[in-house]
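The following exercises are to be worked with the sequence and the coordinates at hand. Each task is followed by a solution in steps.

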Amino acid sequence: MTTDNFVDRHIGPRESDAAEMCKTIGVDTAEQLIEQTVPASIRLDRPLNLPPAMSEQEYLSHLRKLGSLNKQYRSFIGQGYYGVAVPPVIVRNVLENPAWYTSYTPYQAEISQGRLEALLNFQTMVTSLTAMDIANASLLDEATAAGEAMLMMFGARSREKVKAGANRFLVDNSVFPQTRAVLITRAAPMGIKIEFADYAGFEADDTVFGLLVQYPSASGEIRDYREMVEKAHGAGALVAVGADLMSLALLMPPGEWGADIVYGSNQRFGLPMSYGGPHAGFFATRDELKRSMPGRIIGVSVDVHGNHALRMALQTREQHIKRERATSNICTAQALLATMSGMYAQYHGPEGIRRIAMHIFSTACTLAKALRELGYTIRHDQFFDTIRVQAVPGVTADMIEKIALGKGINLWYQCGNCAVISTDELTTLKEINDIVSVFAEVAGKEAEEVTDLCDCFCIDDKFKRTSPYLQERTFNSYHSETDMMRYIKMLERKDFSLANGMIPLGSCTMKLNPAASMFAMSWPEFANIHPFVPASQAEGYHRLMEELGEALKEITGFDAVSFQPNSGAAGEYTGLMVIRQYHISRNEGHRNVVLIPSSAHGTNPASAAMAGNKVVVVECDEHGNISVEDLRKKAVENRDSLSAAMITYPSTHGVFEEAIVEMTGIIHENGGLVYMDGANMNAQVGLTSPGHIGADVCHLNLHKTFAIPHGGGGPGMGPILCNSRLAEFLPSHPVVKTGGSHGITAVAAAPFGSAHILTISHAYVMMLGAEGLTKSTVYAILNANYLAAALGDMYKVLYTGANNRCAHEMILDCRGFKDAGVDESDIAKRLMDYGFHAPTLSFPVHGTLMVEPTESEPKAELDRFIDAMRSIWQEIEEIRKGKADREDNVLKNAPHTAASVISDGWSHSYQRGKAAYPLPWIAENKFWPSVGRVDNGYGDRNLVCSCAPIDSYRFETLSFGKE
């Protein structure tokens, strides 16, 4: 029995620190602070009812037992999920490395050049293999990427199409079932009419805006779509293609036969099946459509010294800017998984990728030949990895399945009286013989042993790829483990993560991602499970989800949970779709008005619009609170059509609003339901809850409150929880039973979203227990108020609650520094010189910094941040008083790179030491930005989103600025 308590490892400040911090704040105890911060009317009247906290050792033992309940049968199910060999060099140096998994989305480009390059490599890999012009930096999964493709084509309709009311979308019958389901979900609220049919019979006219096909098809057949594409384009329609990226090493890429959009999953490129995720979806399009493309794009720009630098391009497409005018609510990506996939391509190179693709094809050919010899019919002659086997007379799919399961083999049977088999890079001769023995036994025959793989390349010439791919230097340089390891480390050194210091991003909750919670990410008993296996083979997963689900229901005060949404924005959308279905079930489908505060994150109105709603904005008062008067007025005005209100609590302004219960009551009185955005749940756990406050449904950002790492911009998880009247409408899935009795169709590809990373939140909850979870909330609020009190004399805290307290985050007003020519961006960049990631910039109020320290940061780190911010204030004062030049000063020139500081041509009006080491303690652990301030405008005006240019400048002589 260990005496070590995880809560003491998770929370940063020591008990002795807390007393000193309380003194600075002006309270006697942390509990007194909570009494002054959280309205008494919403405080829980009892502690959370959760199992006792486990130590790290106890938890890992428990998790091993759960993992042992998962049966690692060999799955040849396919349907978008395949066995892979994840390179150990990538597992050890990326997946298991906190320098990679604890970093944030690369908004601050100067301290994110490593993962920006990795994501640029990913984009280049996708455009090269698909033969398209431009790709984004990943989407959530393949099915939601298909949904994004449909909506993008709908939004890109010509004026003539819009005038003609074109709303028909033609989808081939042979697409993956999860893709079909998500398309249905996405189409319904947008007024899109989906028609499923055989692609050969597609007839596009003025009413059709788009077509979608799978390549190869879900049944495995390689089809010639060129005539279909030509006819579609002739009718003014666009074509989207769901492609198997690995197959494109052998098959003519869609970009060469006219596709407008190519999407799919990168799971085959070095990502384990993980019971459905997380995986990176890819999305590529033609140059003419690039400004309509959803998601993030990494582009090439220059820094202030003229050196090449990378950044997120076209950031004006971010949904917090477009709000209800958005065509997508994408607010994240699968950055860590995209990084791994890109590195998989770099490690293998073009020859290695072709070798893997040929192995997959050869094993499928060998298997088809052996089964034909047993008398079985293979339905398609042209295939890559998937064969459809028609049962012989007297044999049924059920008979095949029974014998296969007895041998530890999973096949795909949802295709009538046949079996579908998909091979992968792991498939061996022994496994081929095992599969053949299943079909031989069920047919009562003897099978000859297969001793060699077929060496033929029996794909029709018209389907074969002849164009080169992955020709860029980055895919032809790192094929030994030593080279790859050093390349990864080189990128790592350019990036700032929690391994370097605090990331005080407001609304992002960059807390500790416990090491013990990360172990299962590389355990095969969780990694090697196909999402469509029988439930009996995933018992460990289901028990883990049951334990986590019960805990989350207790924490939120709700009755039911769905783990399917695989991002926070996806959770928003799902919650609103569940509300929509509730109203429809009551013959009130006309309710389509959603009230959203002006302070809300932009994904709120974007999600509402995608769910078919009309957004009505509710104003905030001078204190930053939702105006109860305006809320009531607009709820009453729209009472006959009111669907819901979306409320973030504590508010996006970092305040516990006293009138929250009154607000939820107003919505209910006028026929609507309350959706609570769980972005700020880190200030609620154990003190109050969405259910207690009066909400009907909420999503949780497990990658914030519940410790899943951000991974440089994904993965995330956004499960939703709801009360009993909404439970029956939770999302279903076409393959695996889940959701409510009248559940909406699927919102993600996998039935339980990115199930593998649920092990992280499960660990977090089980190791903290009720007392630890509540204490974490208390310390999150304590840390934030400590910073507010320590900085309040220099930086105005824009909004506070009734007792002048903030919640777990605060907004620092920087607009008062304009008289010195300094803005919030200058402060953000200067913080890099002090060894800190910037707080959230100009959100939710322009000209501000939003700071959230989380409970995990120790007092020493908080004090360093305070010292840095106070020192920056003094630097601003120097400008005001004329002691520093208004243009040539440490803020305007920040951040300072090592190259610029050691330049012989230093000509700034301040000393090098002031630039690089403004405080004594910085020298102990200096983090150097790898580039100077990046020119954002240049990158958008000269949009380059592939890595080819990198090879032309990596070894150039750098410019260091003024010389």
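**Exercise 1.** In which hand of crossing, left-handed or right-handed, does α14 pass α15? Determine also the packing geometry of the two helices and the make-up of their contact.

*Solution.* The model is a predicted one. Begin with the axes: helix α14 (residues 397-406) and helix α15 (residues 429-443) lie with their axes 9 Å apart, at an angle of about 130 degrees. Angles of 65 to 115 degrees count as roughly perpendicular and those over 145 as roughly antiparallel; α14 and α15 are therefore oblique to each other. The crossing of α14 past α15 is right-handed. Next, list the residues that touch: α14 contributes Met399, Ile400, Ile403 and Ala404, and α15 contributes Val438, Phe439, Glu441 and Val442. Sorted by class, this contact of α14 with α15 holds seven nonpolar residues, no polar residue and one charged residue.

**Exercise 2.** Carry out the analysis for α4 and α26: at roughly what angle do their axes cross?

*Solution.* The axes of helix α4 (residues 56-68) and α26 cross at roughly 135 degrees and come within 10 Å. α4 and α26 are therefore oblique to each other. As to hand, α4 passes α26 in a right-handed crossing. On the α4 side the contact involves Glu56, Tyr59, His62 and Leu66, which meet Thr759, His762, Ala763, Met766 and Met767 of α26. The classes in the contact of α4 with α26 are five nonpolar, three polar and one charged.

**Exercise 3.** How many aromatic pairs does a search of the whole structure find? Classify the pair of Tyr275 and Phe752, and locate its two partners.

*Solution.* The search returns 26 aromatic pairs. Tyr275 belongs to the loop between β7 (261-265) and β8 (281-285), while Phe752 belongs to the loop between α25 (724-727) and α26 (758-791), so the pair ties together parts that are 477 residues apart in sequence.

**Exercise 4.** Where is Ser641 found, and which residues does Ser641 touch beyond four places in sequence?

*Solution.* Ser641 sits in the loop between α22 (628-637) and β18 (642-648). Apart from residues up to four places away, Ser641 touches His590, Arg591, Asn592 and Val593. The C-alpha atom of Ser641 is separated by 53 Å from that of Asn893, 252 residues away along the chain.

**Exercise 5.** Over which residues is the pLDDT below 50?

*Solution.* The average pLDDT of the protein chain is 95, and 97% of the residues score at least 70. Over residues 316-320, however, the pLDDT is below 50, and this stretch has 19 contacts beyond near neighbours in sequence. Residues 953-963 also stay under 50, with 23 contacts beyond four places in sequence.

Terms used. Residues numbered from 1 in each chain as written. Predicted model: local features only at pLDDT ≥ 70, side-chain atom pairs only at ≥ 80, totals over all residues. Heavy atoms only, no water. Axes fitted to C-alpha atoms, helices over the stretch in contact; angles between N-to-C directions. Helix = DSSP H or I, 4+ residues; strand = E, 2+ residues; numbered from the N terminus. Parallel < 35°, antiparallel > 145°, perpendicular 65-115°, else oblique. Left-handed = near helix turned anticlockwise from the far one by under 90°. Contact = heavy atoms within 4.5 Å. Nonpolar A, V, L, I, M, F, W, Y, C, P; charged D, E, K, R; others polar. pLDDT = per-residue confidence, 0-100. Phe/Tyr/Trp six-rings, centres within 6.5 Å; stacked < 30°, edge-to-face > 60°.
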